[in-house]
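Me: I have a model open and would like to go through it by question and answer. Please start with the contact between the chains.

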2 protein chains.
Amino acid sequence: MSIEKLTNEVRREQIARAALHLLATQGLNGLSMAALARSVGIVPSAIYRHFRNKEEVLDAVVDALRQRLLGNVRVVTEESDEPLDQLRRLLALHVRLILEHHSLPRMLFSGEIYAGHPERKARLLATIQAYLAEVAAIIRNGQAQERVRPEVSPETAAVLFLGVIQPSAILWHLSEGTFDAAKHVERAWPLFRQAIAVQ
Amino acid sequence: MSIEKLTNEVRREQIARAALHLLATQGLNGLSMAALARSVGIVPSAIYRHFRNKEEVLDAVVDALRQRLLGNVRVVTEESDEPLDQLRRLLALHVRLILEHHSLPRMLFSGEIYAGHPERKARLLATIQAYLAEVAAIIRNGQAQERVRPEVSPETAAVLFLGVIQPSAILWHLSEGTFDAAKHVERAWPLFRQAIAVQ
DNA sequence: CTCCAATGTGAATACTTGTTCACATATTAA
DNA sequence: TTAATATGTGAACAAGTATTCACATTGGAG
């Protein structure tokens with residue numbers, strides 16, 4: 001009956017990861033401090049050694065996800081030079097993010113997480129807009145290389161890019177995996193390409 | 001200090017409408033029986049004269065929304081014969097639905113409402129799939145009329161159709177109206193059309 | 001090895017949750 | 001007008017919420 005003690009840094013990350021998982025599987029209502037503590041094997045009050053309150057836990061989750069999203073953009077711009085190819089790869093990475101973290105991206109984009117909390121709401125909007133800006137930049141670059149039609153609005157196309165992924169994430173989650181998100185995105189990509197690419 | 005009494009039918013609808021509004025503005029967490037009762041000017045226990053429990057309230061909300069969604073499809077098929085025109089109109093109606101009911105469709109499609117409740121989860125999936133099937137039917141009809149390219153998968157295109165609307169609904173809600181959903185959809189429509197239509 | 005700060009515990013806090021029940025009032029039918 | 005029924009009230013409920021606090025235990029630095 002020995003109590004295992006972990007250093008703050010480690011526990012903090014462990015808690016954030018568990019919170020992310022709870023949020024993805026059970027929704028915001030499922031993320032109680034009690035449930036969170038149970039899922040990492042400690043007592044609720046112990047969480048407060050690592051986080052000031054629940055707000056800080058949620059902020060950590062949002063931060064973690066923002067890093068993953070923007071990290072994906074960095075990866076594809078390093079892997080490829082061709083804008084349309086970059087977008088195709090980004091789509092695949094985003095799908096993998098969804099499959100890994102269950103439906104957390106769905107949650108991020110659903111806005112459930114911020115309900116009634118204007119401060120985090122703003123941070124969430126900023127995160128999504130940062131991601132959109134990166135996608136728009138890729139599309140703008142595609143226009144410079146004459147791969148994307150010039151009359152296409154990069155901002156509009158970027159939002160539509162999100163639309164390629166998001167509904168499939170929801171359907172995948174709702175159908176408990178029956179709906180194949182990866183396959184859908186694979187099929188939707190040619191449509192998106194047709195929507196923005198030259199000829 | 002006279003207590004106003006309404007007939008079951010009226011009160012039921014009033015409660016369902018208030019629940020819908022609470023859900024749209026505050027999220028699932030904001031929809032407590034206490035808050036719901038307060039918003040219609042009665043005491044929490046009085047709700048149980050009209051609904052067996054909270055489940056039944058949520059079911060009523062989902063039902064109301066399903067009727068609106070499928071009703072929109074019926075409207076556009078009566079208003080127009082040209083499939084692409086039908087889709088354009090359906091898009092506009094869906095946007096109006098979002099603007100009216102704040103972000104309830106966002107919520108429906110986000111899956112927040114069912115978290116941890118498999119029975120309603122299934123009903124929700126069925127609702128969305130019914131809507132998708134209607135959209136796919138329009139697209140299939142478009143292929144028969146040689147307005148939509150034959151190699152396009154109607155099911156995939158229907159999901160992408162959702163993707164035209166959904167992200168904009170979220171951004172509109174997150175940005176507190178700063179992001180103009182109607183304008184985005186207006187601009188995204190030519191892209192979607194380009195994606196599926198014959199040139 | 002000893003001591004101390006860091007980490008975990010369990011009880012207690014005040015509040016909110018959904019729901020039930022006996023009672024009161026308003027509306028409707030006889 | 002009276003009686004019956006539908007609707008609303010307020011108190012009580014057990015369970016769950018986030019959070020605080022005094023105390024116990026651990027791991028590592030001296």
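Reply: About 3600 Å² is buried between chain B and chain A, and carbon and sulfur atoms give 67% of that area. Buried area here is the accessible area (1.4 Å probe) that two parts lose on being put together, summed over both. In chain B, the residues that lose the most area to chain A, together 18% of what that side buries, are L160(B), L174(B) and L191(B).

Me: What kind of model is this, and how are its residues and chains labelled?
Reply: Residues are numbered from 1 along each chain as its sequence is written, while chains are lettered from A and ligands numbered from 1 in the order in which they are written. Side-chain values use heavy atoms, without hydrogens and water, and the model is predicted: local features need pLDDT of at least 70, side-chain atom pairs count only at pLDDT 80 or more, and totals for chains, interfaces and linings use all residues.

Me: How many salt bridges does the rule find across the interface of chain B and chain A?
Reply: A salt bridge needs a side-chain nitrogen of Lys or Arg within 4 Å of a carboxyl oxygen of Asp or Glu. E176(A) forms one with K121(B), where the closest N and O atoms are 3.6 Å apart. Across the interface of chain B and chain A, the number found is 2.

Me: Which helix gives the most residues to the side of chain B that touches chain A?
Reply: Helices are DSSP runs (H or I, at least four residues), numbered from the N terminus. In chain B, α5 (104–110), α6 (118–144), α7 (154–174) and α8 (181–196) each supply at least two residues of the side that touches chain A. With 14 residues, the one giving the most is α7(B).

Me: Why does the end-to-end distance of helix α3 (residues 54–79) of chain B agree with its length?
Reply: The expected span of a helix is 1.5 Å times one less than its number of residues. Helix α3 of chain B has 26 residues, so its span should be 38 Å. The distance between its end C-alpha atoms agrees, at 38 Å.

Me: Is N53(A) buried, partly exposed or exposed?
Reply: N53(A) lies in the loop between α3 (44–47) and α4 (54–79) of chain A. Leaving aside neighbours within four places in sequence, N53(A) is in contact (heavy atoms within 4.5 Å) with M33(A) and Y48(A). Buried means under 20% relative accessible area, exposed over 50%, and partly exposed in between (1.4 Å probe, protein chains only). Because its relative accessibility is 31%, N53(A) counts as partly exposed.
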